[in-house]
Every structure is written in C-alpha cells, then in structure tokens.
Amino acid sequence: MDVSEELRRLAEACGADLDCPGATQVVAGEGNPHARIVVVGEAPGEQEDREGRPFVGRAGQLLDRLLEEAGLAREAVWITNVVKCRPVLFEGDRMRNRPPKISEIRAWNACLHEELRLIDPQVLLGLGAVAGRALVGPNFKLQQERGQWRKDLVLGTDTLITWHPAYLLRQKGEAYEHRLGEAIADMKEASARLLALSLSPT
Ligand code: URA
C-alpha cells in the first residue's frame, strides 16, 4: 500500500470512531506523502466536505497563492487539517461552518500525530490558532507567537505558525495587505528553513 493510501485509511479509521454530525465524509490530507514540509490547517469547510479534499474553497485558493509566492508548489507539500471532518452549526434546516470545539481537536489529535509520524517532515507550517495549539501546545498564542520557530509537541519538528488564509480573507484594506505580507514572509521563512536543513550535513 502506498503512503497516501495508508494516510487516507488512517484518517477514515479515526473518523469512524468519532462523531461528525452534519459532515458527509472524512477529509484526509493530500499532496506529496514524502514531503519535507507539512501544512496543517484547522478543519474542512463546506466545499472541502463536498469534494473530500482539504483547502479547495476560497481559503484554499489563497493558500495556493501564498505557497507559490514562497516557492512551494501545492503538489510538493502535504496539506492536512487538525480536525478532518467539517464542524457544522445547525440553523433550522441550514448548516454553517463553525470552529472546531476543544473536544473535537483533542479527539483528532492522535490521528494528526500518527499522520505526522508517518510522513516525518522536517518542517511544519501551521495555519491559525487551532493548528498552533494542536502542534505547539494548548497555551500557544497566535498574536504573540506567529512567525516564530517552535518545536511541535510530539516529534520535536521545527514548526512555524502563520495566519490562516480564511482569517486573511476576512481582513479589509490595509489590514489585509499587512497580514498578507506577514503570511508570505512566514511561508518564505519556512521554505528557507527547508533549504538550510537540506544543505546542512547533519
Ligand atoms: N480551512 C481549513 O482549515 N481547512 C480546509 O481544508 C479548508 C478551510
């Protein structure tokens, strides 16, 4: 079995044990399972739930652009989420996306850690506070710690957390330009770290 298939089965097995009311399917990670960098988002939204692929909606389009600006092709990296089924808010007969609950983040944690252990990347790039808390620890503070190198809790991998693209899309005018610039700089920093690690003899 190839590693992508193993990772998909892992996500589905985790999802089978968990409650995902309103979600139509588990959205496993995708990309290069041998990537040296893994991008970790929060949770699938409506379009991801429909297509069964992470980051394919508006936030995903912005993510692709940010990665490209940093010299990282989407196909070359592994893209995944902390929570792998769409968290949903029921409003009458309608459903809306909502942030994952702490209990959901905890429930999916073992799955994320196993996924990272199988890929064994050299760099982790987290998007937003949920990824920051899942990777770096529950006390992670995005506003203070964004763009700073940390180690992830389980493997001790070099980890950088930046703004989530969905958050960037909610910014307006100068705030948008400013935070977009920060996210691009963070991604370039992650890309440069990869290069530095591959040149280092150890
Ligand atoms: N936001 C996320 O965090 N993940 C996705 O897959 C899509 C949007």
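**Salt bridges in the predicted model.** A search of the whole structure finds 17 salt bridges, a salt bridge being a side-chain nitrogen of Lys or Arg within 4 Å of a carboxyl oxygen of Asp or Glu. This is a predicted model, in which local features need pLDDT of at least 70, side-chain atom pairs count only at pLDDT 80 or more, and totals for chains, interfaces and linings use all residues. Residues are numbered from 1 along each chain as its sequence is written, and side-chain values use heavy atoms, without hydrogens and water.

**The Glu5–Arg8 pair.** The closest N and O atoms of the salt bridge between Glu5 and Arg8 are 2.7 Å apart. Both residues belong to helix H1 (residues 3–16) and are three residues apart, about one turn of the helix; helices are DSSP runs (H or I, at least four residues), numbered from the N terminus.

**Residues around the ligand.** Gly41, Glu42, Ala43, Pro44, Glu48, Pro54, Phe55, Asn81 and His164 surround the ligand, each with a heavy atom within 4 Å of it. By class, this shell has four nonpolar, three polar and two charged residues (Ala, Val, Leu, Ile, Met, Phe, Trp, Tyr, Cys and Pro count as nonpolar, Asp, Glu, Lys and Arg as charged, the others, Gly among them, as polar).

Polar contacts are pairs of N or O atoms within 3.5 Å. A ligand oxygen is 2.9 Å from a polar backbone atom of Phe55. For His164, a polar side-chain atom lies 2.7 Å from an oxygen atom of the ligand.

Technical notes. Polar contact = N/O pair within 3.5 Å; in protein donor to acceptor, adjacent residues only side chain to side chain. Helix = DSSP H or I, 4+ residues; strand = E, 2+ residues; numbered from the N terminus.
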